[in-house]
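Hi,

Here is the structure I promised to send over.

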Amino acid sequence: MSIESLTRGLRAELDNGGLRGSFLVRDLHSGHELGIAPDVWYPIASLIKIPLAAATLERIRIGELDGSTTVEVRPGRITTPGPTGLSRFHHPARVALDDLLYLSTSISDGTAADALFDLTPPEEVTRLMRQWELHGITARHRMSDLADTPAERLDPTEVSLAHTLAITAGTAGNGHPVSQLDVTRANAGSARALVDLLQALWTPSGIPRSIGTRIRELMTNNLLRQRLAPEFVSDASTWASKTGTLLNLRHEIGVVEHADGRSFGIAALTESRVAAANQPEADALMGWVARTLRDQLRRG
């Protein structure tokens, strides 16, 4: 089967499953890659926590911050399904910066991430990305902004209305009246830019080696493994990743490292046109498409 036929078939499968997607799989050593619309920009939701972690670790490395410093974090008191960790606490807690990095990255705790954004704001995260020659990811807002969407304002029984708005109100240029879904106002990036970031963290680059080592550890300990992980975890491979979810957006980026020494960076960014919060079939479809692209690239 030709590459064109393969990607056309995968696009059709995504469409049949109610998804539009942007995927890229890259061999991190040879640079060979295979994708589907990899240069389309998306709001990236919690995926921004990887650039945030890198920026925080850089400031610790150069002595502007101390990882052992504790900060008082106000409780999130979030009751809607999804958020984790401090976001669900009812009382203040004192947490060291190193531990906030774990909470923010490995369990995707938005309140922990905002405690880090208090110290390193979005514009500084973007500046450091550019300093490291990573030009396709832009940080614009804190994670608390993601908790102010129609889904949080409506009764839980009306969640489908929020998803219907997310699905139907977008523009052809990826604009949206919901600011968190508008690529010109949200934390945003493309599959290619996110794989570039993974490559910079896994192989020699402008990002200091110690930062890459720590983030690889944090991503290997990711607790959210329902999406791509089932397709890439085995006794002969390891999977390190980060998910991002917001309304009808479902994303994941990660690296699969095989026992034979080959490593593949993977980004899967999708939006669903099904007005439902829980879509395990979409998660499974994302994983299958990513695995199919990886298998083809590995054979090639």
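Below is what I found in it.

This is a predicted model, in which local features need pLDDT of at least 70 and side-chain atom pairs count only at pLDDT 80 or more, while totals for chains, interfaces and linings use all residues. Residues are numbered from 1 along each chain as its sequence is written, and side-chain values use heavy atoms, with hydrogens and water left out.

The protein has eleven helices and ten strands (DSSP runs, numbered from the N terminus: H or I of at least four residues for helices, E of at least two for strands). Of its 300 residues, 53% count as buried (under 20% relative accessible area, 1.4 Å probe, protein chains only).

Now the cores (buried Ala, Val, Leu, Ile, Met, Phe, Trp, Tyr and Cys joined through side-chain atoms within 4.5 Å). The largest one has 60 residues, and L100 and I215 have the most contacts inside it. Helix α8 (residues 191-202) gives the largest share of this core, nine residues. Another core lies apart from it, with 23 residues, including L19 and L228. Beyond its neighbours within four places in sequence, I215 is in contact (heavy atoms within 4.5 Å) with I50, A53, A54, L57 and L201.

On the α2 side the contact is made by K49, L52, T56 and R59; on the α4 side, by G110, A113, L116, F117 and L119.

Cheers

Technical notes: Buried means under 20% relative accessible area, exposed over 50%, partly exposed in between (1.4 Å probe, protein chains only).
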